[in-house]
Structure formats: C-alpha cells, structure tokens
Amino acid sequence: MTSPLWQAVLGEIELSVSRANYMTWFKNTSLVQQSDELIIIGVPNIFIKQQLEKKFNDIFITTLKNNGITPNRIEYKIVAPEAKNLEIEPILSEKIEPNRMSNNSSISQAYRQGLNERYSFDNFVVGAANELAFAACQSIAAVPGNKYNPLFLYGGVGIGKTHLVQAVGNELVRNNPGFKVLYITTEQFVQEFVESLRTRKTNEFATHYRSADVLIVDDIQFIAGKEKIQEEFFHTFNSLHQANKQIIISSDRLPKDIPTLEERLLSRFAWGMSIDMQNPDFETRCAIIQIKAQTNDVFLPNDVVDYLATNINTNVRELEGALNQLLAFCEMRSLEPNVDIAVSVLGNSHNRPKHLSAKQIIERTAKHFQVPVEDILGPKRDKDIVIPRQIAMYILRSELHLSFPKIARELGRKDHTTAIHSVEKIQKAAQLDSSLRSAISEIKERLYA
Ligand code: ADP
Ligand code: MG
C-alpha cells in the first residue's frame, strides 16, 4: 500500500513534470522510511536511482516541503519491484544499455567490445567541417582494411570523433556478424596493458588485440610519454596492418604534435589517411540541434534553434549540453521552450567565469605548456614563452572579457597594443591550426573542470 503522504507527493509531482518523465522516473517509487532526519525513497532499479539522485532530488525536496516535511537527508534505496512493475524493467534497461542487454553471450560481447549503439551514421549530421571524415568512415564501413588504413581522425574536443569511429564499428558489426571489432580508448588500452604486466598475461593481451578484424583506438594522444605502451601498440599495429586489418585512430591533434611519439609510430600513422575534423558551421549546428530535439520528441521553434547555434559555437558536446539543459528545464516545469527561457537558462551557465580569476588562467596556461609563470609574466621573448603568453591573453579576453589594458597589466606588459595584437593573432591562428585549437580547449576544459 502506498502511504497517503507518498500519494500526495506523487500527485503533486505528476502535475509538475511531463507525463513521460513521471511514468519513467516517479511512478514506481515508494516511501520506505520517514523521520525528521531522513526520508528513504524506494526505487525499482539502479538506473532510476541514479537519475533521481542526479536530476530530480530537488523536486522531491520541494514537494516534500510543500507537504510539511523537511528532512535533513533524502536517500534512495532499491527495493524489489511489485509484480505489476516487473514488465517495465527490461524495457527501460534495454533502452539505456542496449549493448549489455543484447550481448550477454561472451562471444558476441567480444566481437563488439566497447561499442555503443547510440552512435550511428544515421544520427550524425554532415556538414563542410566533417564531410571528409564522414565519407572516409563510410567507405571503411563498406570495405574495411582497404583504402584508408590506418585512418587517422583528428580535431578538437567534442566535435564528433568518437561518434564517427564508433559509427564505423557499429555498422561493420551489423553488416558482418562475427566480425571482431574492438573499440578501445587509449586510456583503457594503457590500463589493460599495465594490468597484463602485473598479472603476467602480456601474451593474452597481445593476442586479444592482434586478433581483431578492426581495431579502433580513441584519443591516441594519451599515449604520449608512455614508452612501453608505444612499443606494444607498434607491434599490434604492424601485425594488424600486415594482415590488412582495418585500424582507425582518433586524436585531438596531429601525430607530429603528440609529444614524445616514437618516430616509428609517427611514420606508421602517416601510411594511411589523416583527416581533420572542424567545429561545424552555423547551418550544421542548427541541424544538429534539430535532430537532437527531435530525438527527444520536443519541438523547438526556429528562433530557439538559432539562438543556440549562434551562442554555443565551441563544439558539439557543449551544444548538446546546452540543449539538454534547456530541455530539462522546460520539461521539469512543463514549459514550451522559447528564446526567453533559453536566454535565462543558458545565460546562467554562460556566466561560468564567475569564480575564474586572471591568475588561474595564466597559471593553467603556463602549466599546459610546462613553462614557469614567471617567464610568462617576465621579459623573455623566446617562442616557447611568447606563444603561451599570447594564448593566456587570448583566453583572458574570451573567458573574462577583460579590457586590453587590463589584459596587458595582468601579463606584466605596459603597452596594451601588445594585448590587442596577441589576441588577434591567436584568434586567426586558431582558425587554421587544429593543435592550437585543441590546446586552447584543453586549457579551458581544465579551468572549468
Ligand atoms: P569527440 O570524440 O570529438 O570529443 P564526440 O564524438 O564525443 O566528440 O561528440 C560529442 C557529442 O556530440 C556526442 O554526443 C556526439 O554524438 C555529438 N556529435 C558530434 N558531432 C555530431 C554530429 N555531426 N551530428 C550529431 N551529433 C554529433
Ligand atoms: Mg572522444
């Protein structure tokens, strides 16, 4: 039996969220324990638990408060579902984790290790910035190991590298059941390798990767500075390449810009095709927003699409994040999205630099390039000091919107025209130079992390 309090709480929540949200997240909750200290809410599974904790905790607090309850803490506990709820569980988890559900057998698991069905060619929007990469990936999906081997995709964070390389993997598995497609992030590769050293199973490790039909290695830049792994990867690469197996590599920069990448790997990567992915242009950004809104069953008026595409022009991940924020906000309050709401919701998140100081920016930039802060603030004119200094100025301008005289002062310069030139220079150079772009976005990511 549901308690009267819980009936009241759910009744109120039902009125304030969308039907889809209510049915998915709230309907099957129950009140397990209630005291002034603590409310324990029963939930049917771990996934719902996480979502409620992450996204809907506040709505419980508010609604409980409306019903005269102000506990110090709310906890969520998984309780066995009542018989009537049993049927909804598999449907839900299937939707969320298609891989795990459909691949319980260890064989099919191994054939498509690491792939996530969420990424497909169908839901990838093609524009000038990524059409080359898209075409190459499609061609590989049709005939692997032939034309572009290895394929080396590079570009800044959040612009769709993982999406595309995963899409190739998914398409290949779909068309070639039994094909052994391995997707792995370089971080995982490193971890597994270290683990295999520890457990003395390096042979198994090597055999596993060398037996792939297609090997997809994401974010290879993380291999920098790791000699042993580079060596291991070199052998894996050779063995696969000799057997005409397809290798796909992604990176946030060109091979030559990955510090300490061994010469022999560098030359291997150059055997195939390197393709640069850029941040999508305005039209593509609009299309991406529309497709994502559609996937969420939400209608977005054109001016909202416009607003998002104009104001969030860093990368697709941020664009997606902003859209999700907007949709969540509207859904929780049962509002139709409009520009005013978008401005108020995203205006907030884009005031992010609140607690970011000029000092932090300068320090983070210095750290990124491994040069002393004193040098950046000092008189040195060496190239490896001047460029970080200019980038720091650029970020001060783009993130804190400081005036040029102020930027100059922060960097210990007297003349503010230096700041103007520096910012302009970096702005221009970043358009052409993808490694510069990724350096800047990495510094920014760290700043906001
Ligand atoms: P990267 O690996 O380059 O950092 P991701 O592939 O993770 O970037 O992309 C970030 C997010 O943006 C993902 O959710 C991805 O699905 C989405 N995305 C990126 N590019 C596109 C695109 N052209 N069309 C649709 N979604 C995209
Ligand atoms: Mg990625």
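In which loop is the place of Arg200? The points below begin with the answer.

1. Arg200 is located in the loop between helix 9 (186-198) and helix 10. The model under discussion is a predicted one. Although Arg200 is not a glycine, its phi is positive, at about 55 degrees. Arg200 counts as exposed because its relative accessibility is 77%, and the cut-off for that class is over 50%.

2. A further residue deserves mention alongside it. Thr260 is not a glycine either, yet has a positive phi of about 60 degrees. Thr260 belongs to the loop between strand 8 (246-251) and helix 12 (263-269). With a relative accessible area of 55%, Thr260 is exposed.

3. The backbone also contains a cis peptide bond, which joins Asn149 and Pro150. The omega angle of this bond is about 0 degrees. Pro150 sits in the loop between helix 7 (131-142) and strand 5 (151-154).

4. As to the chain in general, there are 22 helices and 9 strands. Of the 449 residues in the chain, 45% are buried. Among contacts in the chain with a separation of 6 or more, 71% are between residues 24 or more positions apart.

5. Helix packing may be considered next. Two packed helices are described by the angle between their axes and the distance between the axes. For helix 10 (residues 202-210) and helix 11 (residues 227-242), the angle is about 40 degrees and the axes are 9 Å apart. Helix 10 is therefore oblique to helix 11, since angles under 35 degrees would count as roughly parallel and those from 65 to 115 as roughly perpendicular. The crossing of helix 10 and helix 11 is right-handed. Helix 10 contributes Phe205, Ala206, Tyr209 and Arg210 to the contact, while helix 11 contributes Glu232, His235, Thr236, Ser239 and Leu240.

6. Helix 21 (residues 416-432) consists of 17 residues. From its first C-alpha to its last, helix 21 reaches 25 Å, which is close to the 24 Å expected at 1.5 Å a residue. Which residues of helix 21 are buried? They are Ala419, Ser422, Val423, Ile426 and Ala430. Viewed down the axis of helix 21, these buried residues fall within an arc of 95 degrees, so they line one face of the helix.

7. On the face of helix 21 turned away from the buried side are the exposed residues His421, Lys428, Gln431 and Leu432.

8. A last point concerns Asn57, a residue of helix 3 (residues 46-66). Is Asn57 buried or partly exposed? Asn57 counts as partly exposed because its relative accessibility is 23%, whereas buried means under 20%. When residues up to four places away in sequence are not counted, Asn57 touches Leu52, Ile74 and Tyr76. Asn57 and Glu75 are 18 residues apart along the chain, and their C-alpha atoms are separated by 9.4 Å.

Terms used
Residues numbered from 1 in each chain as written. Chains lettered and ligands numbered in written order. Predicted model: local features only at pLDDT ≥ 70, side-chain atom pairs only at ≥ 80, totals over all residues. Heavy atoms only, no water. Helix = DSSP H or I, 4+ residues; strand = E, 2+ residues; numbered from the N terminus. Expected span 1.5 Å × (residues − 1). Buried < 20%, exposed > 50% of the residue type's maximum accessible area, 1.4 Å probe, protein only. Arc of directions from axis to C-beta. Contact = heavy atoms within 4.5 Å. Axes fitted to C-alpha atoms, helices over the stretch in contact; angles between N-to-C directions. Parallel < 35°, antiparallel > 145°, perpendicular 65-115°, else oblique. Left-handed = near helix turned anticlockwise from the far one by under 90°.
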